Amino acid sequence: MKTSLRLLIISIIILISSNANAQFFVEKQKYITFQIRGGMNLSNVSAWKNEYGFKSGKVRFGYNFGGIADITLGNDVYLQTGLSFTTKGAKVNRLSTTAGNMEAKMEAMYIQLPIYFTYKFNFPNNTHFGFAMGPYVAYGVAGKTTLTTLDGTPQSNKGNTFAGDGLWNRPDVGLGIELQAELSRFVFIIGSDTGFTRIWKRDMLNDNLKVRNNSVYLSLGVKI
């Protein structure tokens, strides 16, 4: 009897210990995961105030790709951060610059760092739906801008969007929002970026336009 009781106690201790170790191992595995993402953008520029007859440009198509670290903070809350390459820009039919009235076709390429806090709703079969929001910081690295004169004979001039004589400032800071659907290893994302930074250089414009980036995007992520 005593021997059986001892064996039962030892078995319970081993079972509890094994279960605790298994739980710790699973939690440790899921503490941080990584995703590779890519997709398409619809971007534009808009003014804070319509003081000079300018409200927004026309939408430009672009793309995005990069990597994200998905870090568990507890209670279904996650920190998502990483680096992405994204293209933004717009077409403006009439822009009053110091060189005259111009039609502008603008492409702006950024390296972007999001810092998003995400809440995930859990469902069976390893399915999750998440809402993410937070700031992003971006830096312009490349892009082409074509300016065509509207006064007199049309003439086009192509240049680097972020060059010294280019129209755009390099830094951009803003707010990002995402809706995410995780189905096993795949993540479907729809998101938007709203810039808070003045992206056009004041000394290039006749008017004191305060213009910011706006974009929406669709992306597909794969957990690795």
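Q: Which element gives the largest share of the lining of the largest cavity?
A: That element is β2, which contributes five residues; strands here are DSSP runs of E of at least two residues and helices are runs of H or I of at least four, all numbered from the N terminus. The model is predicted, so local features need pLDDT of at least 70 and side-chain atom pairs count only at pLDDT 80 or more, while totals for chains, interfaces and linings use all residues. Residues are numbered from 1 along each chain as its sequence is written, and side-chain values use heavy atoms, with hydrogens and water left out.

Q: What makes a space a cavity rather than a pocket?
A: On a 1 Å grid over the protein atoms alone, a cavity is a set of points where a 1.4 Å probe fits but cannot get out, whereas a pocket is an open set with protein on both sides within 12 Å along at least five of seven lines, and a residue counts as lining if it has an atom within 4 Å of a point. By this rule there is one cavity of 30 Å³ or more, and the volume of the largest cavity is about 270 Å³, where a volume is the space filled by probe spheres set on points joined across faces, edges and corners.

Q: Which residues lie nearest the centre of the largest cavity, and how many line it?
A: The lining has 21 residues, and R37, N64, S84, E178 and Y217 lie nearest the centre. The elements giving two or more residues to this lining are β1, β2, β3 (77-97), β4 (100-123), β9 (186-195) and β10 (211-223).

Q: What makes K55 count as exposed?
A: Exposed means over 50% relative accessible area, buried means under 20%, and partly exposed lies in between (1.4 Å probe, protein chains only); K55 has 62% relative accessibility and therefore counts as exposed. K55 lies in the loop between β1 (32-47) and β2 (60-74). Apart from neighbours within four places in sequence, K55 is in contact (heavy atoms within 4.5 Å) with V45, S46, A47 and N50.

Q: Why is the pair of E107 and R60 called a salt bridge?
A: A salt bridge needs a side-chain nitrogen of Lys or Arg within 4 Å of a carboxyl oxygen of Asp or Glu, and the N to O distance between E107 and R60 is 3.5 Å, a pair that links strand β4 with strand β2 across 47 residues. E107 has a relative accessible area of 16% and is therefore buried, whereas R60, at 26%, counts as partly exposed. By this rule the count comes to seven salt bridges.

Q: How do you know that the salt bridge of K120 and D70 ties together separate parts of the sequence?
A: The closest N and O atoms of K120 and D70 are 2.5 Å apart, in a salt bridge. K120 lies in strand β4 and D70 in strand β2, so the pair ties together parts that are 50 residues apart in sequence. Both K120 and D70 are buried.

Q: What makes K88 and D193 a salt bridge, and how far apart are their closest N and O atoms?
A: Their closest N and O atoms are 3.5 Å apart, and the pair forms a salt bridge that links K88 in strand β3 to D193 in strand β9, 105 residues apart. Both K88 and D193 are buried. Elsewhere, salt bridges that share partners join D70, K120, E182 and K223 into one network.
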